[in-house]
Amino acid sequence: MAITSANQLELLQTAEAVAREKMIDPALVIEAMEESLARAAKSRYGSEMDIRVAIDRKTGKATFTRVRTVVEDEALENYQAEMTVEQARQYFAPPSQGNARWIRDGEVITDFSGGPQVGDRFEEEVPPVELGRIAAQSAKQVILQKVREAERERQYEEFKDRVGTIINGTVKREEYGNIIVDIGRGEAVLRRNEKIGRESYRPGDRIRCYVKDVRREARGPQVFLSRTDPQFMAELFKMEVPEIYDGIIEIKAVARDPGSRAKIGVVSYDSSIDPVGACVGMRGSRVQAVVNELQGEKIDIIPWNEDQATFLVNALQPAEVSKVVIDEEAGKIEVVVPDEQLSLAIGRRGQNVRLASQLTGLDIDILTEEEESARRQAEFAERTKLFMDALDLDEFFAQLLVSEGFTSLEEVAYIDIDELLSIDGVDEDTAKELQARARDVIEEQARKAIENARALGAEDSLINFEGLTPQMVEALAQEGIKTLEDFATCADWELAGGWTTVNGERVKDDGILEKFDLSLEEAQHLVMTARIQLGWVDPAELESGDEADDEAEQEGAEA
C-alpha cells in the first residue's frame, strides 16, 4: 500500500472517524499513525536508523525523515543515528538539496560560521516506503494499541474525579457473583461483597451505585462501585434533602449494617431548621426514598451533639440510658441502662450497640443498673477492707472514709489534714493518727518492694530514677527491666498500655505500669527523661524540634 498516493486525505479522515468513535483527541490518532509509519520505515531502511514521520494536518501528506544527532565522542553508540562533532564538520554547511537541514534548539540553522555543537541534528528527507502486507498489519496494531491507551487515559481522567459520588448505570452481565455495570463511556464492577445481601440483578436492569475507587491497571482503568459503603447512604440523603446539599444540614457520622439497619448523625447550622425532621420529610417521603433504594434498610436519624455522652445517648435510641461514664484515654464508654432496657440497647445480635459504637467511634460497654450497683458495692467493700487491714480500723470507720471519697492509702496519708477534720467524728488527734498509720504502711510497702526488686536484679540506676515508685520498680523488675538502659528502650504503650485495631476491632494492650494509673503522656515523659540522662538524646535538639512542631501547628491554624 502506498502512502504517497491520492489516499493521503484518507489518513486524516480515518483519524477523525476513530477519534470521534472513541471520543479522544484526533491529534493522538495521528501521532499513533506517525509512530506506526516510522516503525515500518525502520524495517525497510534499518532498525538502527532514527526515522521519523510527520503527517501534515491539512493535506495528509506523510514526510519521512532520517535524523542524525551530534553527540560527545565518548557517548557515540549508534553510527546510523549519531555522529561526533568532528564527523559533523564534514556535513556542517548549507545543504545543497532542499530536503535536508540542520536543526539547533528547535530552529533551522542559517549561520554555519560557529561550527557544529553537541545536540545539533541533521535531518534528511528519505523516500516514503511502500507498506507490504506484514508492515501494514504491524502499523495497524501500533495504531490500535495507541488508540486503546488514549481511550483508557480518557476514561481514567473522566472517572477519577467522580470518586465519592453516585453514578447510574445498566447491568451488563454477572461474572462470578460480581456485577459488570455499563456506566456510559466505560464499564465498572460491583463486587459481590459490595452488594446488599438480598439483591439480584438481570442484564438490562438500571442500578444506582457509589463510586468507591478508580484505579489505573494494565488492562485499563478499573471503576469499583459499592452499595454497602456508609457514604452511599450519605450521598442518597444529599440527593433527597436539599438542606444537606445546600450545607444548612451536615451529615456528621454514618454507620450501616447493609440491608438491615443504619444510623446517621445530622446537625443543623440554622436554628430554625430541625435536622431530623428535614431528613424525614413530609410524611416520611425523603427517608422513605432512601429506604427503598437500600432494599428496605431501616434508618435511625439521630441529632448529632458535640458532647460525646449526649450523642451516645441519642445513638442508642430507642433504648433509654440511665448513666454514661466515659474513659477518654482508653476510648471506651460505659453505659448504664434499666434492667428491662438491656436487650433493646444491645439490639438483635448486638446490632444496636455495634452501630452506635461505629457512629461515635467509641468502644461501648453496656451494664444494667443492677450490674452497676453490684460493681459499686464490690468496689466499696474492697476499699473498706483495705482501710480495715492496713490502718487497723473498725468496719464503720473504714466505711466512713470510703463514703467520703477516699480510695487509697496515699490519699489518707498526704491529703491536707483539714479534709480529714471535715469528717463528722474526726478530731485533730484522730486525723494525725490516721495519717501516721497510713504513712507507716506506705513506707513499709515501699521497703518490701525495693527488697523484692533488688532480689530480682534491679540496679540502683533504675531504683533511684525520679518518677518511679518502689512498687513500679518492682513491677518492672518482674518483667525483666532491671536497669535504666532497659527502661529507656521501652515504648510508652508498653508501660501505660493502649489500644490497637485488629480486623476492625479495638484490642487492649496491657501495660507493665498500667495498674499504677500511668498515662501515655507520663510514660513518654519518663522514657524521654531516661534517654536524656543516658545521653541518648540531646535536650537542645528536642526543644528545637518541639518549637518547629509548634510553629507548624500555628501556621496550620492560621491557614
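This is a predicted model: local features need pLDDT of at least 70, side-chain atom pairs count only at pLDDT 80 or more; totals for chains, interfaces and linings use all residues.
Residues are numbered from 1 along each chain as its sequence is written, and side-chain values use heavy atoms, with hydrogens and water left out.

Eight of its eight residues are buried, so β13 is largely enclosed by the rest of the structure; buried means under 20% relative accessible area, exposed over 50%, and partly exposed in between (1.4 Å probe, protein chains only). Arg261, Lys263, Gly265 and Val267 point one way from the strand, Ala262, Ile264, Val266 and Ser268 point the other way, and all are buried. Strands are paired here if DSSP finds at least two bridges between them. Strand β12 (residues 249–257) runs antiparallel to β13, and eight bridges join the two. Within this pairing, Asp257 stands opposite Arg261. The hairpin of β12 and β13 has three residues between the strands, and Gly259 takes a positive phi near 85 degrees there. With strand β14 (residues 298–303), β13 pairs in the parallel sense over six bridges, and Ala262 stands opposite Ile299 of β14.

Turning to charged contacts, side chains of opposite charge can pair when their charged atoms come close. The structure holds 25 salt bridges, each being a side-chain nitrogen of Lys or Arg within 4 Å of a carboxyl oxygen of Asp or Glu. In one of them, Arg286 meets Glu243, with the closest N and O atoms 3.1 Å apart. Arg286 belongs to helix α8 (residues 285–293) and Glu243 to helix α6 (residues 242–245), so the pair ties together parts that are 43 residues apart in sequence. Arg286 is partly exposed, at 21% relative accessible area, whereas Glu243 is buried, at 18%. Asp213 and Arg215 also form a salt bridge (2.7 Å, N to O); Asp213 is partly exposed at 27% relative accessibility, and Arg215 is partly exposed at 36%. Asp460 and Arg454 make another, their closest N and O atoms being 2.7 Å apart, with Asp460 partly exposed at 41% and Arg454 partly exposed at 44%. Lys172, Arg173, Glu175 and Glu187 are linked in a network of salt bridges.

Glu340 sits in the loop between β16 (332–337) and α10 (342–346). With a relative accessible area of 62%, Glu340 is exposed. Its C-alpha lies 9.8 Å from that of Glu320, a residue 20 positions away in sequence.

Finally, the largest pocket has a volume of about 670 Å³. On a 1 Å grid over the protein atoms alone, a pocket is an open set of points where a 1.4 Å probe fits, with protein on both sides within 12 Å along at least five of seven lines, and lining residues have an atom within 4 Å of a point. Grid points are joined across faces, edges and corners, and the volume is the space filled by probe spheres set on the points. The lining comprises 17 residues, of which Thr407, Ser408, Leu409, Glu410 and Lys515 lie nearest the centre of the pocket. Two or more lining residues come from each of α12 (369–391), α14 (409–414), α16 (428–455) and α18 (470–478), and α12 gives the most, with four. By class, the lining has six nonpolar, five polar and six charged residues; Ala, Val, Leu, Ile, Met, Phe, Trp, Tyr, Cys and Pro count as nonpolar, Asp, Glu, Lys and Arg as charged, and the others, Gly among them, as polar.
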